[in-house]
Amino acid sequence: MAGKPRNFRLLEELEDYEKNGGGGISVGLDDQSDTYMSKWNGSIIGPDGTNFAGGFYSFEITVPTSYPKDPPIYRLTEGGISLNGRIDNYGNIRPEKLESLKNWNPDFNIMTPLEELRNAMG
């Protein structure tokens, strides 16, 4: 997926998510009329059998024009978690504390950091 133009890539990611779901993670466009596909929402449902079970954690996702070369920016908007310093006091995911952002690869997708966070809950 890395070699495709940004908007084609984002459309494919959105369609793939809509078809296949996300196992406790959801993503989608914040505004369906946003032709630049820059603002997304994401959420994580805390995994069963953990202290986070049933919790709902909502994120604002900003996709830069340089995506997928550069990663999206994630900010927690609901759910108040730190996960060992991975999220700062303002809700921003700290790229240096999350492997998928620190070592971003254009083959990753918008859900990759959310999957890493959910895995850190369990």
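Reply: Happy to! One term is needed to begin with: a residue is called buried when its relative accessible area is under 20%, and exposed when that value is over 50%. Please keep in mind that this is a predicted model. By that cut-off, 39% of the 122 residues in the protein chain are buried.

The protein chain has three helices and four strands, and along the sequence they run α-β-β-β-β-α-α. A compact globule with 122 residues would have a radius of gyration near 14 Å, and the protein chain agrees with this because its own value is 14 Å. Along the principal axes, the C-alpha atoms fill a box of roughly 40 × 30 × 20 Å. If we take contacts in the protein chain between residues at least 6 apart in sequence, 45% of them join residues at least 24 apart.

Now to the core. The largest nonpolar core holds 28 residues, and the members that touch the most others are W40, F59, I61 and I110. At least two residues of this core come from each of α1 (6-20), β1 (25-29), β2 (39-45), β3 (56-62), β4 (73-78) and α3 (111-121). The largest share, four residues, is supplied by α3.

For contrast, let's step out to the surface. G3 lies in the segment before α1, and G3 counts as exposed because its relative accessible area is 77%, above the 50% cut-off. The C-alpha atoms of G3 and K69 are 9.7 Å apart, although 66 residues separate the two along the chain. Over the whole protein chain, the accessible surface comes to about 6,800 Å², with 47% of that belonging to carbon and sulfur atoms. As for charge, the chain carries 12 positive and 18 negative charges, and the mean positions of the two sets are 5 Å apart.

Notes. Residues are numbered from 1 along each chain as its sequence is written. This is a predicted model: local features need pLDDT of at least 70, side-chain atom pairs count only at pLDDT 80 or more; totals for chains, interfaces and linings use all residues. Side-chain values use heavy atoms; hydrogens and water are left out. The radius of gyration is taken over C-alpha atoms; the globule rule is 2.2 Å times the number of residues to the power 0.38. Buried means under 20% relative accessible area, exposed over 50%, partly exposed in between (1.4 Å probe, protein chains only). Contact means heavy atoms within 4.5 Å. Accessible areas come from the Shrake-Rupley method with a 1.4 Å probe; for residues, only the protein chains shown count as cover. Lys and Arg count as positive and Asp and Glu as negative; His and the chain ends are not counted. The place of a charge is taken as NZ of Lys, CZ of Arg, CG of Asp or CD of Glu. A nonpolar core is a set of buried Ala, Val, Leu, Ile, Met, Phe, Trp, Tyr and Cys residues joined through side-chain atoms within 4.5 Å.
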